[in-house]
Amino acid sequence: MDTPTHGQTGLTGAEAVAEALRAAGVARIFGVPGGGSSLDLIAAAKVRGLPFVLARQETAAVIMAATTAELSGRPGAVLVTRGPGVGNAANGMAHAALDRAPVLLLADAFTEAERAYANHQYFDHAGMLAPVTKSAAQVTAPSGAAGAITATLLRQAMAPPRAPVLLELSGIATRGTSAPVPQTGQATDGAAPDPAALAAARRMVTEARRPVLVAGLEATDPAACAALRRLVEALGCPALVTYKAKGVMPDAHLLFAGVFTGGAAEAPVMAEADLILLAGADPVEFIPQPWRYAAPILDLGTAPRPLHYRAPAVALYGPLAPALEALAEGAARSTWAVEAIAAHRAAWRARLANAPGGNHGLSPQRVVEMAQEACRRAGADPRVAVDAGAHMFPATTFWQAERPGDLLISNGLATMGFALPAGIAAALHDPRRGALALTGDGGLLMALGELATAAALGVKLTAVVFNDASLSLIDIKKDRRDLPDGALGWPEADFAGVMRALGGLGLRARDEAGYAAALDQALSATGPALVDVAVDPGSYPAQIRALRG
Ligand SMILES: Cc1ncc(C[n+]2csc(CCOP(=O)(O)OP(=O)(O)O)c2C)c(N)n1
């Protein structure tokens, strides 16, 4: 066991790292510890009032940290053991990379002395994670620079485009000579936009008669969101949101025109544009289909994009809020009529509607709508976390968001197993609002252990499982292929029973009346609850055709 070396001044490496995390505004550390440095770090963090949240699996822990980062605007932190801990965290890190979340992964590592002989559990952590990390560093004993190294990594993670970073720790119980903890600067908000690019952008906006704005993940920043709404209202133009920007323009807003994925469902309104204004929309948010529109693009973003679907005519990169504010100032009204925008919105919703449920279960659309109706009845205002799968289409279309962060999703990576850990993190972040996790049964099975995490924490979380005993999104794509039995599905599982066994409230619903009653009961519970609801997947194929073309 590492023991602190006394007789030297300054902090231990673990203390210096914990101080740097706290100075950067990290809210809590998630993870699954190993026996080495991660234990030192948990203890040092505890003394500094920084709680540790034990997850059941490392990728879930990274998703929790990434979600906390998205919601707080501060870096997320997660600690894992060396070897398998890092391996298990890799998919979470890929999520953080492609969903632009500033997460610091703190991984136990071998000391220099151990590296001379150790093979067991050793692989090159930084090499394995290189494609999904912006930077990586090590703290090895004894190091007086642990605080500074941590602060530098956190700054890099927060610098646009935000990204995960890796810090390998060994021997951090040792006291360094001195370890001053520098203040971690927040992302440089507020810098004025480049005058030439701004002038070009202004000209484009002024000359456009029918602009359409697409808000993306970078516009969830509160100042950017406020400025974006001012710009849209000044232009009186349709505004669409990506999945991650749900709520940047509220679904109930007169100028809200739908969700933009780059697919077919939103094409009619986009096709009428004479200017497409991408506002903080990262190309990672669009589905891999060729760009459909001829209108020139004005690209506003926090940082240049390495790859575009279509090269923008004008680009303005830097802090988003000042750029949007500068464009809103003096922006003239477009020729769009609100009635035309309302017609587009209604037609978009109609195209994506699910058919009524059948013998197999409820309409997926009704599962979403009824969940929101039940929240209103209960006076509840939970954030909603959505998993990857066919159920995400009704969830992202029919869940009505009002503010950024109302809907959480893995979109850049689109990983299954997201909704449950994200919901837990959202409920910890804001216990008053709590969270709903909307998940397919396949996605839930990938993160099932986190039901135990939710139960142990007692968080206000309701998981709604769209139970169709299959990987429906993949089933839709099988076409005429003759697949063996069991390739895309399984015997129906009793998730309510699983939830009860793990210490939460578990309920099962097989019709609308039963579902409404189960939701009421779940939403009035003080701790976590799970509603296992049978859904009829029959209308997914038509929905995905309407969505993607
Ligand atoms: C980790 C991971 N593995 C595989 C996939 C590919 N994939 C996307 S959706 C899906 C099926 C999801 O099934 P389920 O969770 O039951 O939701 P449903 O489609 O039935 O709504 C699969 C396998 C993925 N996105 N993420």
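This report walks through a predicted model of a protein with a ligand, from the overall fold down to one residue.

## Ground rules

Residues are numbered from 1 along each chain as its sequence is written, and side-chain values use heavy atoms, with hydrogens and water left out. Because this is a predicted model, local features need pLDDT of at least 70 and side-chain atom pairs count only at pLDDT 80 or more, while totals for chains, interfaces and linings use all residues.

## The whole protein

Let's start with the big picture. The protein has 21 helices and 18 strands (DSSP runs numbered from the N terminus: helices are H or I with at least four residues, strands are E with at least two). Its radius of gyration is 24 Å, close to the 24 Å from the globule rule for 549 residues, so the protein is as compact as a globular protein of that length. Here the radius is taken over C-alpha atoms, and the rule is 2.2 Å times the number of residues to the power 0.38. Along its principal axes, the C-alpha trace spans about 75 × 60 × 45 Å.

Of the 549 residues, 57% count as buried, meaning under 20% relative accessible area (1.4 Å probe, protein chains only). Take the contacts (heavy atoms within 4.5 Å) with a separation of 6 or more: 77% of them join residues 24 or more positions apart.

## Around the ligand

A polar backbone atom of methionine 416 is 3.1 Å from a nitrogen atom of the ligand. Oxygen atoms of the ligand also take part: one lies 3.3 Å from a polar side-chain atom of aspartate 468, and a backbone N or O atom of serine 470 is 3.0 Å from a ligand oxygen.

## A look at asparagine 411

Asparagine 411 sits in the loop between β14 (407–409) and α15 (419–429). Is this residue buried or exposed? Asparagine 411 counts as buried, because its relative accessibility is 12%. Apart from neighbours within four places in sequence, asparagine 411 is in contact with Asp99, Tyr243, Lys244 and Glu285.

Key: Polar contact = N/O pair within 3.5 Å; in protein donor to acceptor, adjacent residues only side chain to side chain. Buried < 20%, exposed > 50% of the residue type's maximum accessible area, 1.4 Å probe, protein only.
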